[in-house]
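Subject: Structure for your files

Hello,

Here is the structure I said I would send. My notes on it follow below.

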Amino acid sequence: MRWSQSLIPTLKESPADAVASSHILLQRSGMIRQLGAGAYTYLPLGFRALQKAVAIIREEMDAAGAIELLMPAVQPVELWQESGRYHAMGGILMELRLGGDKHAVLGPTHEEVVTDIARDLIKSYRQLPIVLYQIQTKFRDEPRPRFGILRTREFLMKDAYSFGTDLEQLNRAYDAMFEAYCRIFDRCGLPYVVVEAESGPIGGDSSHEFMVPCDIGEDAVIQCAACGYAANRERAEVGTEPSPIPPPDPSAPAPTAVETPNRRTIDELCQFLQVRPEETAKLLVFLADGQPVAVLVRGDHEANEAKVRRMLGATILEPADAETIERVAGAPMGFLGPVGIRIPLVVDRAVARVPRLVVGGNALDVHLTGVIPGRDFPIDRLADLRNAEPGDPCPRCGSPLAVRQGIEIGHVFKLGTKYSCAMGAEFLDEHGQAHPMIMGCYGIGVNRILAAAVETGHDKDGIVWPLSLAPYEVVLVPLQVHNEAVLDLTATLERHLTAAGHDVLVDDRDLRPGVKFKDADLIGIPLRVVLSERGLKEGTIELKWRNESAPRTVAAEEAVAAVLGELKSAHEAHRSRCEQRRHARAAAQSG
């Protein structure tokens with residue numbers, strides 16, 4: 001491909017509204033262009049990189065035994081009502097009104113549609129197990145699209161769904177998809193980690209996320225360097241302290257009511273009473289499947305709604321509004337406390353270890369000091385209900401946990417019978433008895449692969465693409481575009497490289513060398529080959545890998561062999577790294 005015949009609108013300056021490195025560089029390199037909030041056009045270079053990711057995904061899904069299909073983006077709203085997710089998905093559903101006053105949604109995911117297919121077309125255990133997948137556009141009404149293609153309203157997803165007769169078939173499919181995901185992200189050159197995860201509105205009882213640690217990631221990765229434990233924010237457990245919870249001091253004085261006018265927040269309260277946040281506790285009210293429940297956590301901790309939901313066994317958990325709180329708890333927000341609370345109370349374990357607490361007094365502008373857990377309020381319903389924080393003990397080995405941000409690029413779920421029971425997707429066993437199909441769900445954010453690759457692969461000059469995702473593997477840069485000898489060797493190289501299956505971009509623009517070099521660095525093509533009149537007189541051409549600091553020369557008469565050799569070595573090194581990671585995973589699993 002000739003640069004002059006393509007559409008590569010590079011920019012010298014960073015877009016004013018871009019913050020994330022991937023957002024800045026993908027726009028500056030002419031790979032994407034914003035149409036509106038959360039909607040991007042993939043220009044030729046960006047589309048080529050996107051298709052490289054799609055090709056890797058498709059190859060590995062096919063190799064894992066999954067079968068590709070394509071489902072509609074426009075889905076009847078009745079399917080979502082049937083599954084029970086119409087309200088659970090909140091405000092992210094994009095709804096349409098069709099002719100004849102019919103309603104539909106633009107699919108944010110396809111569990112309902114694929115379950116409808118399965119219940120209509122799969123009748124016998126002989127048709128199972130099966131894994132169906134697609135690579136298709138999804139739509140979600142994100143309230144805050146940001147960071148370029150990391151969080152958008154329209155995006156490309158690979159979603160797969162497994163159907164089986166029992167847990168053994170589900171586990172085999174889950175393991176096959178898990179390993180396929182590892183191979184996909186290895187091939188894409190991403191520095192990912194696998195973490196235990198929360199299923200959320202998708203449902204199910206077991207899931208893992210594939211995360212790329214990154215400062216602008218919207219998810220938290222909690223890891224233990226000692227034992228390898230890893231989980232996302234919603235799922236990460238906090239290890240227990242080795243010593244038992246001390247019993248209450250029977251001689252301690254009773255709590256004291258203190259006037260705290262307009263001190264509703266923990267910071268305001270601590271400053272007013274001259275206490276530390278860890279000496280306070282805050283009470284939150286949630287509706288668990290519509291029923292109010294009080295959750296008590298330390299003032300310096302944050303309640304983890306996923307843990308609360310799991311502890312209560314609730315399907316839907318949502319914060320109560322101010323009016324509901326005052327009605328069920330008898331006190332305004334900011335002054336709620338556990339002493340004498342009128343609704344069921346659950347308490348985070350860390351609260352029980354504080355000898356004396358400052359808590360809300362269940363009256364306007366009043367707090368209580370000297371409150372003792374287990375004496376002044378019950379601690380019979382203790383659980384891990386908070387977010388894990390840096391330094392907390394690992395739940396596996398007790399070592400300190402570390403926390404950093406990460407980009408979610410893939411997620412696998414064991415759904416069980418959540419959708420098959422709700423939608424009547426059944427099969428007949430060998431005795432003619434009907435049973436619900438056992439399902440799994442497996443998603444990859446294709447666009448996020450590109451964003452994660454750029455976030456973790458760039459420098460001050462531009463993108464540093466992995467060889468497997470780069471829109472072109474080689475950029476040929478003739479410096480004198482009217483010199484016959486330079487153009488002849490350029491054409492020879494292009495012909496041989498293309499014939500060998502390599503993607504080649506020829507920068508045939510009549511521009512200064514510095515401009516060409518800057519653009520080549522900006523768009524991040526892995527291997528740059530410079531051909532110049534002076535170099536040919538000296539019998540050399542110049543090679544430079546994007547991640548190298550300086551170019552080197554090779555003999556012009558060996559140009560074709562030299563470039564092909566460089567590419568072959570790079571591909572072999574990449575395959576070797578992927579194979580080493582595969583063996584390391586196998587060893588870890590067997591160990």
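Glu95 stands opposite Val105 in β6. Please keep in mind that this is a predicted model.

The strands behind that pair are β5 and β6 (residues 102-106), which run antiparallel and are joined over five bridges. They belong to an open sheet of three strands, ordered β4-β6-β5, with antiparallel pairing. β4 (74-76) and β5 (94-98) are the edge strands; each has a single partner, so one side of each lacks a neighbour in the sheet. From one strand to the next, the twist averages 40 degrees.

Another antiparallel pair is made by β30 (residues 540-545) and β31 (residues 552-555), with four bridges between them. Here Thr540 stands opposite Ala555 in β31.

Is Leu479 buried or exposed? Its relative accessible area is 18%, and the cut-off for buried is under 20%, so Leu479 counts as buried. Apart from neighbours within four places in sequence, Leu479 is in contact with Val486, Pro513, Phe517, Val530, Leu531 and Ser532. Leu511 is 32 residues away from Leu479 in sequence, with a C-alpha to C-alpha distance of 8.0 Å.

Regards

Definitions and conventions. Residues are numbered from 1 along each chain as its sequence is written. This is a predicted model: local features need pLDDT of at least 70, side-chain atom pairs count only at pLDDT 80 or more; totals for chains, interfaces and linings use all residues. Side-chain values use heavy atoms; hydrogens and water are left out. Buried means under 20% relative accessible area, exposed over 50%, partly exposed in between (1.4 Å probe, protein chains only). Contact means heavy atoms within 4.5 Å. Two strands pair if DSSP finds at least two bridges between them. Helices (H or I, at least four residues) and strands (E, at least two) are DSSP runs, numbered from the N terminus. Axes are lines fitted to C-alpha atoms, for helices over the stretch in contact, and angles run from 0 to 180 degrees between N-to-C directions.
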